[in-house]
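Please read the points alongside the sequence and the model.

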Amino acid sequence: MTATAESPAAELGRARTRKEDARLVTGQTTWTDNLVLPGMLHMAFLRSPYAHAKITSVDVSAARDQPGVVAAFSGADFADEQGSLPCAWPVTPDIIIPAHPPMATEEVRYVGEAVAVVVARDRYTAADALASIDVSYEPLEPVLDIRTALDDGAPKVHETGNKSYEFVFPTAGDIDAAFSGAAVVVERDYRQQRLIPSAMEPRAVVASWIGDDVTLWSATQIPHVLRFAIAAFFGIPEQSIRVIAPDVGGGFGSKLQVTAEEVLAILVSRRLGKPVKWTESRSEGNMTVHHGRDQWQRIAIAADRDGRIRGLKVDLLADMGAYLMLVTPGVPILGAFMYPAIYKMDAYSFRCTGIFTTKMPTDAYRGAGRPEATFAIERIMDELAVELGMEPLELRERNWIKHAEFPYTTIAGLTYDSGNYEAATARAKELFGYDALRAEQADRNARGDTVRLGIGISTYTEMCGLAPSRVLGSLSYGAGGWEHASIRMLPTGKVEVVTGSSAHGQGHETAWSQIVADQLGVPFEDIRVLHGDTQVAPKGMDTYGSRSLTVGGMAVVGACDKVIEKAKVIAAAMIEASPDDMEWTPGHFSVRGDPEKSVAIQEVALATFAAHNLPDGVEPSLDSDATYDPENFSFPHGTHLCAAEVDTETGMVTIRSYVAVDDIGKVVNPLIVDGQVHGGIAQGIGQALYEEAVYDDAGNLLTTTLADYLVPSAADLPSYITDRTESPADNRLGVKGVGEAGTIASTPAVVNAIVDALRPLGVRDVTMPCTPERVWRALQTAAGNGADSKGGAA
Amino acid sequence: MTHINVTVDGVSYVDDVEPRLLLVHYLRDVLGKTGTPIGCDTSNCGACTVLMDSVSVKSCSVLAVQADGTEITTIEGLANGEWHPLQKAFNAEHALQCGYCTPGMILASTDLLKDNPSPTDEEIREGLEGNLCRCTGYENIVRAVRRAAQAGAGQ
């Protein structure tokens, strides 16, 4: 046998168009709501119209009598089975985790909480019958503002009161000395408004029992975690549960959840012996898909006159909503590590109080804790620069970790493996035309232009690739952070890759194929990637926290290693050489010093299948399993620059240009990476300018539709200029996470630009979302306060 | 029940439907044409966009009975032997991630290019204002529509 082909060109770094697209651009894919099973029934939920009320009675009998209605249930009908939805992240030993029944039985605590369910032959009939359910409520006082929820005499969300936890990060350094000895101290309060993740695919679920086994299809990011949770918390044997996440239409954290509707679909289906489906409407989803952010941040920074940061204090109030869902309490705690960001300092303290309100629970939303931290530190760096009379980029550079100092352990205890803030910033400035824009800004300010120009800076980093199991354990997180992969070499030389990471738009099928093509030296086209079904991919930790590539991708590499190890022994036998003399070049083995004696991996696969001449004790398999648990998080970073024009007469903000230079290490597929960056930036701009979940004084959600909750359209967003610098990460692929970076970076870049534009007019903050009205009001307030050129007005 | 006669992706259907049945539910639940997804209930997102007699409509805002006598094209019927230039362009430019908005985005784009075969980027953005995408930030969608226009999709 001889080598038949050159090693194929490297796939890593190649802009492959996606394998996933064929089924998506033709309408052939399977969303959960597309499923139709024989005899399938449809569920509709009756939901609380009150933010807070006692349920005095629920009568579903009239609904049950409607034609086409098969059953109707209240929470009491499932009292013995429905248990409590889990919270997997008890961040302190004395955290209060209230019972959270999937259907309320005694008390409702947010508008939209499920109270009863109708099961009917079709979705229209089920929805109609909801009107026949009679529920009596005794209204209670809502709790809507976390700033007053802990006051004496405040109404209580739960009997235990409104405080869930107080988390104090171990203070690093001498924080009092840092502040008392500093020449300048700046303190600010920032508001992280409540957001609705708004994946385009509404949640949908289908549950079907056959005998003692249940299959749950769900539009979820976490089929594996969901399976575990159903087994662990709802008494269904794990081996009897199969969870399938078919193609899932976006998640952004909102589908990282164990939901009431998933649990109830399983219980209702079991009760009726029929498959059931539920698909939410957008209005229902805006009320009942977990929300994101919602914090008040108090941040104080102390610095020497020359700009060197001495210390940083952070005190958060975080709105948990009515209950703690899967990782609700942990989201602000992830931020605790990130307030110091890329900066060196002597001391740091952090405290977060988690508070209950009568609103939809909050939980992970793209970035989860890190966008909040990055916003606050990047905003206050600008404020500190003003206080010091220093150029904001110069202040940052004076404090950031120098390239030569990596690896560097931050004041928050994280060890950043790599980074080059100098390079990313230099490249961003160049693409942006920083100096020219500053000159134009000065000119327009001097002229008193009614449309001001502002430059917003965000030199962000973040921690992602959630992962290290030991670290997660030390933070009281309820699960590990490893990821699993397996490789199956098929007899014909094709390859199946099974990943425990559960894609929902990220392009794993393409990126993983590229990784395997390089590792095994097989053609990209010969590789198929399987995911999202616990029967097909039995082990996994799923997709969130920008972990897929840095953890799941590395597991794929490990699985390839094992295939190569197995194949080596068989290849050696095929060419009658010693395994120790075998040399592996991706795609084939050859004898060291005798490259003519060579065998392709595909030939080894066929020989393994035939198994006629395997060495003694060698099993006929080129399959492998690997699990990867990194020792550290992943630390992407970058410099984002935003030029915003602000019309001082109308308050309208227009983003004129946006430059993102990100350092995410080695890139597997630049098309996919750019897409992640674009979409991430868009969501961050959405928070800065457009989006807010608004409750009225009675606790009714006012933003139940996409007409009220403003997910930006193409016409609302700018074009982005993206580029990359590359500091390879400390893993074999040299890769870092990219899924959340854009969102983390862009919000402060935009708001810094707006404030920068208006600072000469006395504005020093605008609360998000920076709508024209809010910008205009900030200008009026500043004018009323007698603006000065230092921006000293409130 | 109301009697309707609709042609969908070249196939003629005759059905009796409830007068309140939405076109998108008729397509999905009655005909099983699940290529058209539903993203909202207020006609804001555009995921359910189809062509009705060659004009883009949000099929959640049209009753099945209003479609009587019309010809509907969904994403499933857009390819004609090979992918439509917009389907090719969306793939080439990575203009989709989760893909949920894609059928509506592509069908709205066909209508956009029919009216304006060589749109500027600004015109593409304005023309697609009624279709929301949460994944892509629209950058690559604009590029894809531009690419399809250059390939003559609107001619």
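1. A hairpin in chain A. Strands β22(A) and β23(A) form a hairpin with two residues between them, and A:Gly587, in the turn, has a positive phi of about 110°. Helices (H or I, at least four residues) and strands (E, at least two) are DSSP runs, numbered from the N terminus. β22 (residues 582–585) and β23 (residues 588–591) of chain A pair in the antiparallel sense over four bridges; two strands are said to pair if DSSP finds at least two bridges between them. Within this pairing, A:Glu583 stands opposite A:Ser590 in β23(A).

2. Basis of the model. This is a predicted model, in which local features need pLDDT of at least 70 and side-chain atom pairs count only at pLDDT 80 or more, while totals for chains, interfaces and linings use all residues. Residues are numbered from 1 along each chain as its sequence is written, and chains are lettered from A and ligands numbered from 1 in the order in which they are written.

3. β23(A) and β24(A) run antiparallel and are joined by four bridges, with A:His588 opposite A:Ala600 in β24(A).

4. Packing of α14(A) on α15(A). Which way do these helices cross, left-handed or right-handed? The axes of α14 (residues 508–520) and α15 (residues 548–574) of chain A come within 10 Å and cross at roughly 35°, and the crossing is right-handed. A crossing is right-handed if the near helix is turned clockwise from the far one by less than a right angle, and left-handed if anticlockwise. Among the residues making the contact are A:Trp512 and A:Ile515 of α14(A) and A:Gly553 and A:Val556 of α15(A). By class, this contact has 10 nonpolar, four polar and no charged residues. Ala, Val, Leu, Ile, Met, Phe, Trp, Tyr, Cys and Pro count as nonpolar, Asp, Glu, Lys and Arg as charged, and the others, Gly among them, as polar.

5. The seven-stranded sheet. A further open sheet has seven strands in the order β3-β5-β1-β12-β9-β10-β11 (chain A), with mixed pairing. The edge strands are β3 (69–74) and β11 (241–244) of chain A. Neighbouring strands are turned by 20° against each other on average, direction ignored. Six bridges join β1 (residues 41–47) to β5 (residues 114–120) of chain A, and these strands run antiparallel; A:Leu46 stands opposite A:Ala116 in β5(A). Helix α5 (residues 223–234) of chain A lies across β10 (213–218) and β11 of chain A, at about 150° to β11(A).

6. Helix α6(A). This helix lies across β1, β3, β5, β9 (204–210), β10 and β12 (276–279) of chain A, running at about 30° to β9(A). Why is α6(A) described as largely enclosed by the rest of the structure? The reason is that 10 of its 13 residues are buried, including A:Val263, A:Leu264 and A:Leu267. A residue is buried if 20 or more other C-beta atoms lie within 10 Å of its own, exposed if 12 or fewer, and partly exposed in between, with C-beta atoms placed from the backbone. α6(A) is followed by A:Gly273, whose phi is positive, near 65°.

7. Contact between the chains. The contact takes 43 residues from chain A and 46 residues from chain B. On the side of chain A that touches chain B, α1 (21–24), α7 (282–288) and α17 (670–690) of chain A each supply at least two residues, and α17(A) gives the most, with seven. The residues of this side divide into 19 nonpolar, 19 polar and five charged.

8. B:Ile75. This residue is found in the loop between β5 (71–73) and α2 (85–92) of chain B. B:Ile75 counts as buried because it has 28 C-beta neighbours inside 10 Å. Leaving aside neighbours within four places in sequence, B:Ile75 is in contact with residues including A:Thr26 and A:Gly27 of chain A and B:Pro103 and B:Ile106 of chain B.

Note on methods. Contact = placed C-beta atoms within 7 Å. Axes fitted to C-alpha atoms, helices over the stretch in contact; angles between N-to-C directions.
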